[in-house]
Amino acid sequence: MFIKNQWYVAAWDHEVVDKPLGRVFCGEPVVLFRDSDGRVAALEDVCPHRLVPLSLGTVEGGAIRCRYHGLLLDSEGRCREMPGGDRVNPAVKARAYPVVERYRFVWIWIGDPALSDEATLPELWMNEHPEWRADGGVLHVKCDYRLVIDNLMDLSHETYVHASSIGQKEIHDHPIETKVVDGQVITQRWMPAIEPPPMYRAALGSALDGTSGLVDRWQICRFLPPSGVVIDVGVAPVALGATLDKHDQGGVRGFVLDFITPETENSCNYFWGASRTGGDLSDDQHFANAAAQQRAVFLEDVEVLEAQQRNMELLRDRKLRAYSVDSGGVRARILLEKLAGDRNVARNDA
């Protein structure tokens, strides 16, 4: 199911540089590049001449030249030079997609351009705030993008999948609360007075000196349709008196930023990021190490998700079952079904 009249993350801003970048979004091949003013452009990754991917070509003066016969297209998809010196035919063009560069991401609108509205982009202040620092990357995952959403909206799996880093038994032991607010699904868990897991214990360091060593831990997962999950996570020494609603006064807090853009029926691009505050934000090595740890955690998820997808393809008569821990993912899928049924939303059940 592809819901096309929505904004999707196409790339991190630093990925679109002096070379064309080719990716597939919702079953459509797209090439990204920058025009002569540095603005990101997105065209169908298909030369209108012989259907060769434009992403194999080169960027020249803010336009893209096909590697096969040299046809040149500008950032709007209009032909500027024809092969063999033929006179430019104004009917020769490539489809152009609306794009916006914001919050360090490049966003693309795959559906009807007339319906695109920048005001509907999610607000990711923590990705640009001067008192926060964000790092991240992208992973190509061979699974249905909805399986990634299921995974991120059910953090009980951390007990088992991420036992050596952020997982602990208490995640499994404490109940979750799931609700739908303003078209977003929120799943949250509060774990008071527990031992911190390995990664958080290391991050707290001396902050635990002279205390009981116990922390309050929280996980608040917010699903932003069509495919974003922003997770507010952290721990604070019990003495600080943090609560689920007020946990921004000390301890270790971060936002996990996850945007999953469907590629095909069984593959997606997983744009992950982590935004943190506190400490020395200029310590590049510290943040590089933290990003590497975060990536390692996500790779553990990828291993499980791709194995799950393989079984689903082999056992097509089997259905996914849902228990209480799956309530966030289930409600997210209900929202997606609602979007798919909207008259202004394109649907593809390939």
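## The seven-strand sheet

Seven strands form an open sheet in the order β12-β18-β17-β16-β15-β14-β13, with antiparallel pairing, where two strands are taken to pair if DSSP finds at least two bridges between them. At the edges stand β12 and β13 (177-181), each of which pairs on one side only. Neighbouring strands of this sheet are turned by 15 degrees against each other on average, direction ignored; such angles refer to axes fitted as lines to C-alpha atoms, for helices over the stretch in contact, and run from 0 to 180 degrees between N-to-C directions. Strand β13 pairs with β14 (residues 184-194) in the antiparallel sense over five bridges, and Thr178 stands opposite Thr187 in β14.

Helix α1 touches β15, β16 (228-237), β17 and β18, and its direction makes about 160 degrees with that of β17, contact being defined as heavy atoms within 4.5 Å. Helix α5 touches β12, β17 and β18, and its direction makes about 30 degrees with that of β12.

## Basis of the description

The model is predicted, so local features need pLDDT of at least 70 and side-chain atom pairs count only at pLDDT 80 or more, whereas totals for chains, interfaces and linings use all residues. Residues are numbered from 1 along each chain as its sequence is written, and side-chain values use heavy atoms, with hydrogens and water left out. Helices (H or I, at least four residues) and strands (E, at least two) are DSSP runs, numbered from the N terminus.

## Helix α5

Helix α5 (residues 284-314) has 31 residues and reaches 45 Å from its first C-alpha to its last, close to the 45 Å expected at 1.5 Å a residue, the expected span being 1.5 Å times one less than the number of residues. Its buried residues include Phe287, Ala291, Val297, Phe298, Val302 and Leu305, together with the polar Gln294, Asp301, Glu306 and Gln309; buried means under 20% relative accessible area, exposed over 50%, and partly exposed in between (1.4 Å probe, protein chains only). Among the elements that cover these residues are β12 (132-141), α1 (145-152), α4 (198-204), β17 (252-264) and β18 (267-277).

## Arg217 in β15

Arg217 is found in strand β15 (residues 215-224) and is buried, with a relative accessible area of 2%. Its side chain makes a polar contact with the side chain of Gln168 at 2.7 Å, and one of its polar side-chain atoms lies 3.0 Å from the backbone oxygen of Ile166. A polar contact is a pair of N or O atoms within 3.5 Å; within protein, one must be able to donate a hydrogen and the other to accept it, and residues adjacent in sequence count only if both atoms are side-chain atoms. Not counting residues up to four places away in sequence, Arg217 also touches others, including Glu158, Arg189, Trp190, Tyr200 and Val235.

## The three-strand sheet

A further open sheet has three strands in the order β2-β11-β10, with antiparallel pairing. Its edges are β2 (7-12) and β10 (99-102), each with a single partner strand, so one side of each is left without a neighbour in the sheet. Strands β10 and β11 (residues 105-109) pair over four bridges, and in their hairpin, which has two residues between the strands, Tyr103 takes a positive phi near 60 degrees.

## Aromatic pairs

A search of the whole structure finds ten aromatic pairs. The rings of Trp107 and Phe259 have centres 5.4 Å apart and planes at 80 degrees, so the pair is edge-to-face; rings of Phe, Tyr and Trp (its six-membered ring) pair if their centres lie within 6.5 Å, and planes under 30 degrees apart count as stacked, over 60 as edge-to-face and the rest as tilted. This pair links strand β11 with strand β17, 152 residues apart, and both residues are buried.
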